[in-house]
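Dear colleague,

Please find the structure below, handed over for your records. My notes on its charged residues follow.

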Amino acid sequence: EMLRTLCLAATLFFMIGGYWTLRSLKDAVVMSINGVEYIPIAKMASVGVILCVVPLYNFLLDSGIPPYRLFYLFGTIYFGLFTTIALLLMHPTYGLENQKLDPYRVLGWVSYCGIESFGSVMVSLYWSFANSNFSLKTAKASYGVMVAAGQIGSILGPTLVNMFSEKWEQGVAKLYLLGATCMLMLQFTMYTYVSIYGATDRNVAPGAEKPTKKESSGVLEGVYLFIQHNYVKGIFAISCLFMVEVTIIDFTMKVLAKDHFASEHPCEPSMPCFDPIEGNHGLTEEATAAVTTFLGSFGQATNGLSFVMSLLGTSAVIRYLGLRLTLLLFPSLCLAVVIMVRLRPTLFVVFLAMILLKGFSYSLNNPTKEMLYQPTSQAVRYKAKSWIDTFGARGSKALGSVVTNAFSNSAQTLIANGSLVGIAVASFLIWNARFMGQKFDEYTESGYIVGDENSGIAEDGGTNLQFGMAQNEVSDTSCAVLDDDDEVGPEEEGQDTGVENAGKSPEVSRV
């Protein structure tokens, strides 16, 4: 059984390792080809791309195609896409050697949106396959190994970027090709697993008919529950709105990094990056490599911190402080971090702020927001939560990008105005945390179930606190992550295991 687990864990290792290698490169590629000021627009564009790709993925999953075949399909598509981009990055006209910044160079946009969509589709598809091939008993014993493999990959990918982006000639493009090669390796390990162990759904009894697919009311019912219940709105705020702050601080870090390394490796008039007409100088090859190394260091630090947090666990914090105080602690710390950035906006301080936000989110926000779902109905836990995880999270990132795009003309303007937005969001979240703590205690004591007006009896028999802590020990499936380029979360570190959904159909655990 351990060999079977290790074989599937190798797939997650290559998936997360390749993803984090590419993710550590994508911002540097946009900076060098299009300009740092276009990163917020690229982020907003990626939201639209993801919202198109995810329904296609769900349609194919519902069509009855085995998940492992979809894995081969999407894996081949992304291997071809990323390999093509890597080769074009080496081209003297289309690639990084052309140091003239131009928003109409589509390579940067395609690279950014492709990497973003990969993180949303492939990790979900992997856990859909794992959940259908492992029983709940087996999953509890095996998923920890898989998660550890994913976490190691998430640290190793940025480490390679940090080590070789400056040492190798055309290091960025070669590392991009290395990330693309991981797309091929993850297919090989999946093929090996299927060839040896098969792809039979172990959660369906031999000879039993597959359960008929229920007609789903889909996203609309999740929206209805969100509108109807203030408690669900409060969960959304705790899970997602802090991403507005993170997006602003993350972009601030990248603007400061670009300015810092551009001054260390200036673009001289004799260089191809020099723009004598508009003065919008590009980055030299040395500056691009230095920015890439810096972003690799950021990936190392954030994922290393996540690994430490996962080892230490956070149940003791909640037991000691209680849920209400822990709910208040995270937005209060976020407010302190935003104020720190506003008062001392240096690259080191902003870098440290992003690391702290990562640690606070993983150790404080993730477990508490999962516990808030306990006095809710099944419809809220799946349908409203699915809406929050997919559309709420993407919308929050897009909202943060709107702010950064509005003030992207200079670092000073971005810090002065972006920090005010961050302070306002953090202040609202403090008020919301106080409200949610009161409602949680009220509902658990009275037995009221949000979303199930006919029931007055709590479903968990008073074990909300213990269940929430246990869930945090095993996995995290929510949207409150510091990912994607700025927000780093469990699903991108291979931690979005969906172990609580093992033994259920794949559609329950997908994005």
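In which helix do Lys-439 and Glu-442 both lie, and how many residues apart are they? Both belong to helix 14 (residues 411-446), where 3 residues, about one turn of the helix, separate them. Helices here are DSSP runs of H or I with at least four residues, numbered from the N terminus.

Before the details, a note on the source: this is a predicted model, in which local features need pLDDT of at least 70 and side-chain atom pairs count only at pLDDT 80 or more, while totals for chains, interfaces and linings use all residues. Residues are numbered from 1 along each chain as its sequence is written, and side-chain values use heavy atoms, with hydrogens and water left out.

Salt bridges

The structure holds 5 salt bridges, a salt bridge being a side-chain nitrogen of Lys or Arg within 4 Å of a carboxyl oxygen of Asp or Glu. One of them pairs Lys-439 with Glu-442, with 3.6 Å between the closest N and O atoms. Lys-439 is partly exposed at a relative accessible area of 23%, and Glu-442 is likewise partly exposed, at 42%. For these terms, buried means under 20% relative accessible area, exposed over 50%, and partly exposed in between (1.4 Å probe, protein chains only).

Another salt bridge joins the side chains of Lys-26 and Glu-116 (3.6 Å, N to O). Because Lys-26 lies in helix 1 (residues 2-33) and Glu-116 in helix 4 (residues 106-133), this pair ties together parts that are 90 residues apart in sequence. Lys-26 and Glu-116 are both buried.

Lys-254 and Asp-27 also form a salt bridge, their closest N and O atoms lying 2.7 Å apart. Lys-254 is in helix 8 (residues 230-264) and Asp-27 in helix 1, so the pair ties together parts 227 residues apart in sequence. Lys-254 is buried, with a relative accessible area of 2%, and Asp-27 counts as buried at 2%. Through salt bridges that share partners, Asp-27, Asp-250 and Lys-254 are joined into one network.

Surface charge

Glu-97, Glu-169, Glu-285 and Glu-286 form a negative surface patch. Such a patch is made of residues with over 30% relative accessible area and no salt bridge, like charges being joined within 9 Å; the place of a Glu charge is taken as CD. Glu-285 is found in helix 9 (residues 285-312) and is exposed, with a relative accessible area of 51%.

Yours sincerely

Key: Patch = residues over 30% accessible without salt bridge, like charges linked within 9 Å, V, L, I, M, F, W, Y side chains within 5 Å. Areas by Shrake-Rupley, 256 points an atom, 1.4 Å probe, with all protein chains shown as cover. Lys, Arg positive; Asp, Glu negative; His and termini not counted. Helix = DSSP H or I, 4+ residues; strand = E, 2+ residues; numbered from the N terminus.
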